[in-house]
Amino acid sequence: MSDQALFEHARDAYAKRNELSLTEDVNQLNAEEYILAPYAAYWLMLLRLDQADNSEVQAFITQYADMAFIDRLRGEWLKKLGKKQDWVLFFEHYPSFKRTDLAVECYALFGRHQFQAQDVSTEAKKIWLSSTDLPSSCKPLFDAMQEAGTLSTADIWARLRIALQDGKLNVAKSIIARLPTFDKNNLELLAVAEQTPKLLLTSKTVNVRLNNKKIALKTPGFKTREDIEVNLYALDRLARSNLLDAISVQATLQERWSATDAAFAWGRIAYHAARNHHPQALEFYAKSNQVQLDKEQLAWMARAAMRVQNWDVLLDAIGKMSLEQQQEGAWRYWKGRALKEKSIMVEANKILGPLSTERHYYGWLALEELGSVMNSPQQQYTPTEVEVTAIASLPAIKRALALQKLDMRWEAKAEWVWATRDFDDRQLLAAAQYAQRHHWYDVAISTADNTKQLHDFNLRYPIPYRDLFRAAAVNENVDEAWIYGLTRQESRFMHYAKSGVGASGLMQLMPATAKWAAQRMGLSDYSHELIHDMKFNVGIGTYYMRYTLEAMNGQAVMATAAYNAGPSRARRWVADEPLEAAIYVETIPFAETRSYVQKVMANAQIYAPRLGLPAQTLKARMGVVPGRATTALILADTE
């Protein structure tokens with residue numbers, strides 16, 4: 001049996017939790033000094049971790065200290081130590097743990113609270129005040145804090161509200177368990193609020209099934225805290241599903257809330273109204289000024305303002321954001337843009353100037369606001385052969401490639417990230433060059449993207465499969481730069497890429513879309529397997545790009561949104577009046593689609609001169625999105 005076959009046998013043994021077989025494989029792989037033998041040893045240690053004594057685990061960590069997997073093993077061991085409350089050994093090794101793991105973090109905070117008698121309430125509440133479904137290791141920490149009084153009833157109610165407004169009903173129920181006075185009937189009413197919120201808000205009683213019996217429960221009033229939270233949850237759910245009904249119901253409930261609760265309710269309605277591009281969104285926000293809005297509410301207040309070009313409210317919304325949120329590229333750009341629109345040029349340029357040096361979508365928009373045009377970025381540094389060879393000789397790089405060849409893609413990327421974690425710019429570019437030579441394009445791109453001062457945009461924006469893409473562009477009469485920009489975002493040119501929702505190939509085609517497009521193209525011999533054929537994948541993908549472009553009357557931004565989220569949604573997001581495409585994109589309700597369109601358009605902007613196509617500004621490439629009436633006329637003409 002070859003070393004590779006033996007390693008694959010070891011992987012199967014681990015998957016089947018066959019410790020005896022895996023032990024034999026590890027011994028043989030070690031004897032052969034196979035490059036991936038440490039991974040087999042790691043699997044064996046994972047299987048044995050519960051029964052292994054601490055000295056054995058420590059010896060393993062020391063032996064394999066420079067391996068990518070060692071921090072994951074350390075994390076699992078720390079959980080074991082935390083569960084046993086072996087705090088001396090836990091805190092001896094915890095400082096070496098670099099990964100983010102809530103379970104380990106909760107054990108560390110609990111240990112500091114219990115063993116070291118430290119006040120950890122500030123750090124613990126950062127974990128507590130979220131809607132995250134926390135691991136079981138966090139329970140002892142918050143039990144102890146609640147018993148000590150550092151986790152107050154107010155803190156519990158605050159987390160309950162966060163969980164409810166994020167729609168995390170199961171998390172909410174676990175939080176409610178910490179409120180012993182919470183009425184069990186109201187727990188049932190939360191389920192009603194989730195399914196039929198309007199019924200709960202407008203009826204005196206609702207029917208629920210309790211202990212296999214159908215009974216009528218009185219709907220909550222507005223006197224107790226738990227009643228109010230149930231009603232607020234119902235109103236938020238209603239606003240998500242039927243905004244107009246929520247606005248109408250809230251108007252009838254206005255006098256029943258306290259001033260603070262009414263403001264909170266309007267803040268939730270305002271958030272959903274802004275995401276739905278409702279013309280009164282800013283009016284609803286004005287009714288919420290007695291409460292502190294969360295990060296997403298403020299972001300959508302800003303987006304609602306920019307959509308109607310109310311620059312004063314946009315600046316007000318950004319001003320209310322945390323300093324961390326204000327420093328995001330989006331809000332620096334739009335603040336600078338708002339100041340420029342108000343002719344406050346000195347302050348605008350103070351923001352746009354530094355932003356324009358950053359190499360991303362908002363940086364390039366800022367550059368254009370200052371009157372410059374972003375052409376193909378200059379290739380500042382090309383690694384030498386000596387530098388590339390030095391990278392290729394590193395054991396971790398060799399392991400990463402070996403894992404990649406075995407189709408262990410997650411482990412391969414983890415090994416690569418570990419190997420390059422401390423690289424300077426020259427080493428990163430040499431590593432990216434080496435990855436590209438092995439057609440590992442996604443890793444080459446992400447590695448080249450990590451440089452700080454020296455850059456090579458040939459590595460960041462490669463042009464593989466040129467004949468294939470050029471032929472598809474000509475055949476469908478579609479901009480080749482747009483095809484490359486979209487494919488870079490979809491798959492990073494990895495032809496075997498597959499998304500969590502089932503999209504496949506270079507252009508990440510959904511099976512239903514591929515079948516539909518094939519039928520329209522008259523491909524009678526279509527079968528699902530063809531989606532994995534590169535030529536077919538690109539052919540169908542570019543056909544669908546042309547279809548979306550024609551459906552959107554040549555508006556590339558809308559067509560890009562349609563490729564990601566569907567044509568009907570792209571049309572739904574247009575405004576009554578023509579809208580600058582950058583504003584259209586910024587106000588796309590889906591964060592994934594918003595980011596996707598921004599990146600595709602920025603990618604296409606860089607690819608155009610690389611492909612020998614005419615250069616233009618990013619704003620010109622994105623253009624103007626026609627108003628609703630114009631869009632309707634266009635659709636009528638094409639039907």
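Guide: Helices here (H or I, at least four residues) are DSSP runs, numbered from the N terminus. Bear in mind that the model is predicted: local features need pLDDT of at least 70, side-chain atom pairs count only at pLDDT 80 or more, and totals for chains, interfaces and linings use all residues. Residues are numbered from 1 along each chain as its sequence is written, and side-chain values use heavy atoms, with hydrogens and water left out.

Visitor: How many residues of helix 5 are buried?

Guide: Eleven of its 15, so helix 5 is largely enclosed by the rest of the structure. Buried means under 20% relative accessible area (1.4 Å probe, protein chains only). Among them are Trp77, Arg72 and Asp71.

Visitor: And what do those buried residues of helix 5 pack against?

Guide: Helix 3 (37–48), helix 4 (54–63), helix 6 (87–93), helix 7 and helix 26 (409–419). Contact there means heavy atoms within 4.5 Å.

Visitor: Switching topic: which cysteines form a disulfide?

Guide: Cys106 and Cys138, with sulfur atoms 1.9 Å apart; the cut-off for a disulfide is a pair of cysteine sulfur atoms within 2.5 Å. The pair links distant parts of the chain, 32 residues apart: Cys106 sits in helix 7 (residues 102–114), and Cys138 in the loop between helix 8 (121–128) and helix 9 (139–148).

Visitor: What's the handedness of the Cys106 and Cys138 disulfide?

Guide: Its S-S torsion is about 80°, so the disulfide is right-handed.

Visitor: Is Cys106 buried or exposed?

Guide: Buried, at 0% relative accessibility. Cys138 is buried too, with a relative accessible area of 1%.

How values were computed:
Helices (H or I, at least four residues) and strands (E, at least two) are DSSP runs, numbered from the N terminus. Buried means under 20% relative accessible area, exposed over 50%, partly exposed in between (1.4 Å probe, protein chains only).
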